[in-house]
Amino acid sequence: MSEASSIATLPTEKTFTAYSQEQGKAYAQSRPDYHFTVYETILNHHKTSGGLLDTILDVGCGPGNVVRAFSPHFSHAIGLDPSEGMMATARSLDGLTSTSEQIRYEVSTAEDLGINLPQPIQDASVDLITAANAAHWFDMPRFWVSVARVLKPGGSVALWTSGRSRIHPSVPGATILQDIMDQIEEKYLSPFFEPGNFLTRSRYTSLPLPWTLEQPISEFDESTFFRKDWDVDEQFYSLEPELNMDMFEKMIATSSPVTRWRQAHPRDVGTENDVVRIYRRAIERHLNEAGVEKGKERIKGVIHGAVLIVKKK
């Protein structure tokens, strides 16, 4: 390995990278896991397209929920994330592979894919690479170069996003409530949006792929590209789509624009001026005016998730 390649790349994403272990723990408790059909779709496509079940590498793994879900199907499992806090949380939650081997968690970026580690991720050693709600933070040209290095021929790369959550039509006055939510977002959060946030909203339709890069990477097969979009009535998260207000607060607090807003307004966090509380009070007022009893306000969202799978030749 050259001296240049052993130098760790600085992460392109700064918000979650800076998470402490306490923040990582709160993230793990508040973010719902994906529905089993998401995992089934990826695993079935990987296997039926010739993929093996030796090693899985989850990139931007956060607290490790995805690699833990897949690890019982693989002999070896690795989770990478640039955040020390997230890695500390993931290690505390553990997880075993099909061979009863512990999941290996390491601090590394999506652009390096472990080349900088004392025990580097070896060339052509990985069967399945996953990135859940994370690829929009990657430097995609550099990510694909590293993927071409570590992925075995016939291996798969699965990238997915939950897209933009909208108010479910069954919520009283859903259209009006959505307008209220959009106005709060525009007023408070729009300055804290980054390009990656817009990639999720388009459900990765413009996410750079190996053959769309300025310098295409020929190791990947465009003809076998797979995409699945979840319909409104298909569950993308394992959590019930209807949330009480306490759960709504905890979940929205983990979004990156809200995290950046709170970093910019530390004195307002936890007060009535907190953007999370502003959202909550607006929802409560709307539902109360629509006839919902105080203390029984619940909100339901529509998730249009999407999974993209790329195969290596």
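**Helix packing, sheet and salt bridges in a predicted model**

The buried residues of helix 9 are covered by elements that include helix 6 (174–189), helix 7 (195–201), helix 8 (245–252) and helix 10 (275–289). Helices (H or I, at least four residues) and strands (E, at least two) are DSSP runs, numbered from the N terminus. Helix 9 itself comprises residues 256–264, and its buried residues are Ser256, Pro257, Val258, Thr259, Arg260 and Trp261; buried denotes under 20% relative accessible area, exposed over 50%, and partly exposed in between (1.4 Å probe, protein chains only). The structure is a predicted model, in which local features need pLDDT of at least 70 and side-chain atom pairs count only at pLDDT 80 or more, while totals for chains, interfaces and linings use all residues. Residues are numbered from 1 along each chain as its sequence is written, and side-chain values use heavy atoms, with hydrogens and water left out.

An open sheet of seven strands has the order 3-2-1-4-5-10-7 and mixed pairing; two strands pair if DSSP finds at least two bridges between them. Strand 3 (104–107) and strand 7 (226–229) each have a single partner strand and stand at the edges, so one side of each lacks a neighbour in the sheet. Neighbouring strands are turned against each other by 15° on average, direction ignored. Strand 2 and strand 3 run parallel and are joined by four bridges, and Leu80 has Glu106 in strand 3 as its bridge partner. Helix 5 lies across strand 1, strand 4, strand 5 and strand 10, and runs at about 145° to strand 5. Axes are lines fitted to C-alpha atoms, for helices over the stretch in contact, and angles run from 0 to 180 degrees between N-to-C directions.

The largest nonpolar core contains 34 residues, of which Ile129, Phe143, Trp144 and Leu159 have the most contacts inside it. Such a core is a set of buried Ala, Val, Leu, Ile, Met, Phe, Trp, Tyr and Cys residues joined through side-chain atoms within 4.5 Å. Two or more residues are given to this core by each of strand 1 (55–59), strand 2 (76–81), strand 4 (126–132), helix 5 (140–150), strand 5 (151–161) and strand 10 (306–311). Helix 5 gives the most, with six residues. Apart from this core lies another, of 26 residues, among them Ala90, Ala132, Ile303 and Ile309. Ile129 touches residues including Leu57, Leu113, Phe143, Val147 and Val157, where residues up to four places away in sequence are not counted; contact means heavy atoms within 4.5 Å.

The whole structure holds 23 salt bridges, each defined as a side-chain nitrogen of Lys or Arg within 4 Å of a carboxyl oxygen of Asp or Glu. Lys152 and Asp127 meet in one of these (3.1 Å, N to O), linking strand 5 to strand 4 across 25 residues. Lys152 is buried at 18% relative accessibility, as is Asp127 at 3%. Glu194 forms a salt bridge with Arg260, the closest N and O atoms being 3.8 Å apart. This pair connects the loop between helix 6 and helix 7 with helix 9, the two residues lying 66 residues apart. Glu194 is partly exposed at 32% relative accessibility, whereas Arg260 is buried at 8%.

Arg280 and Glu249 also meet in a salt bridge (2.9 Å, N to O), joining helix 10 and helix 8 at a separation of 31 residues. Salt bridges with shared partners unite Asp246, Glu249, Glu272, Arg277, Arg280, Arg281 and Glu284 in one network.
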